[in-house]
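Dear colleague,

Please find the structure below, passed on for your use. My notes on it follow.

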Amino acid sequence: WAGGEVDGLVLDARPAQQPLEVWLGGQAPAALARAGRLGDGWLPGAITIAAAVAGRDAVDRAAAAAGREISREHFGINVSYTLADVLPDLPPARANVDVRDVVVAGAAPLRDCLRRWIDAGFTKFVVRPISPPADWTAELEALATTVLDLQT
């Protein structure tokens with residue numbers, strides 16, 4: 001890719017939102033600084049609540065150093081889940097992080113997890129199953145029944 005052109009790519013519609021927001025992820029110090037300096041929001045994954053709160057503080061400090069402020073409504077989290085009551089064997093989420101601390105098993109624990117994130121001040125959630133469900137409609141209906149009323 002050079003000069004802003006990609007052969008064969010056609011964009012039929014531009015995003016309606018102007019300006020388009022750019023949310024960044026990442027947990028390394030450079031990623032946190034970049035999110036604060038350039039991003040409109042921060043959305044990490046595979047992170048504990050305590051580490052995310054510390055990360056949000058680092059993003060806020062970087063934004064302030066750049067003469068910016070990121071809205072409290074622009075801090076979110078990717079939450080991986082299974083509606084099964086037991087997690088299957090999964091590889092480690094990342095070094096020094098137990099996968100059971102960042103992946104939720106069961107409907108009630110998922111709901112409790114999202115409440116803890118809300119209580120910690122996070123407002124946007126990408127909630128995704130750890131593996132593709134056999135029936136997406138049934139999965140989304142079950143997910144909606146479990147957590148949709150938490151939406152404000």
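A residue is called buried here under 20% relative accessible area, exposed over 50%, and partly exposed in between (1.4 Å probe, protein chains only). This is a predicted model, in which local features need pLDDT of at least 70 and side-chain atom pairs count only at pLDDT 80 or more, while totals for chains, interfaces and linings use all residues. Residues are numbered from 1 along each chain as its sequence is written, and side-chain values use heavy atoms, with hydrogens and water left out.

A46 is not a glycine, yet has a positive phi of about 50°. The residue belongs to the loop between β2 (41-42) and α2 (49-65); helices (H or I, at least four residues) and strands (E, at least two) are DSSP runs, numbered from the N terminus.

The sheet

Three strands, in the order β4-β3-β5, make up an open sheet with parallel pairing; two strands pair if DSSP finds at least two bridges between them. From one strand to the next the twist averages 30°. Axes are lines fitted to C-alpha atoms, for helices over the stretch in contact, and angles run from 0 to 180 degrees between N-to-C directions.

Strand β3 (residues 76-82) pairs with β5 (residues 124-129) over six bridges, and three bridges join β3 to β4 (residues 103-105). Y81 stands opposite P129 in β5 and opposite V104 in β4, whereas S80 faces V103 in β4.

How many of the residues of β3 are buried? Seven of its seven residues are. In a regular strand the side chains alternate between the two faces of the sheet. In β3 both faces are covered, with G76, N78, S80 and T82 buried on one side and I77, V79 and Y81 buried on the other.

Helix α3 packs on the sheet and touches β3, β4 and β5, its direction making about 170° with that of β3. Contact means heavy atoms within 4.5 Å.

The helix pairs

Helix α3 (residues 107-119) also packs against helix α4 (residues 136-147), at an angle of about 55° and with the axes 9 Å apart. The two are therefore oblique to each other (angles under 35 degrees count as roughly parallel, over 145 as roughly antiparallel, 65 to 115 as roughly perpendicular and the rest as oblique). On the α3 side the contact is made by A107, L110, R111 and L114, and on the α4 side by L143, T146 and V147. By class, these are five nonpolar, one polar and one charged residues; Ala, Val, Leu, Ile, Met, Phe, Trp, Tyr, Cys and Pro count as nonpolar, Asp, Glu, Lys and Arg as charged, and the others, Gly among them, as polar.

For helix α1 (residues 29-38) and α2, the axes come within 7 Å and cross at roughly 50°, which makes α1 oblique to α2. L32, A33, A35, G36 and R37 of α1 meet G55, A58, V59, A62 and A63 of α2 in this contact, which comprises seven nonpolar, two polar and one charged residues.

Yours sincerely
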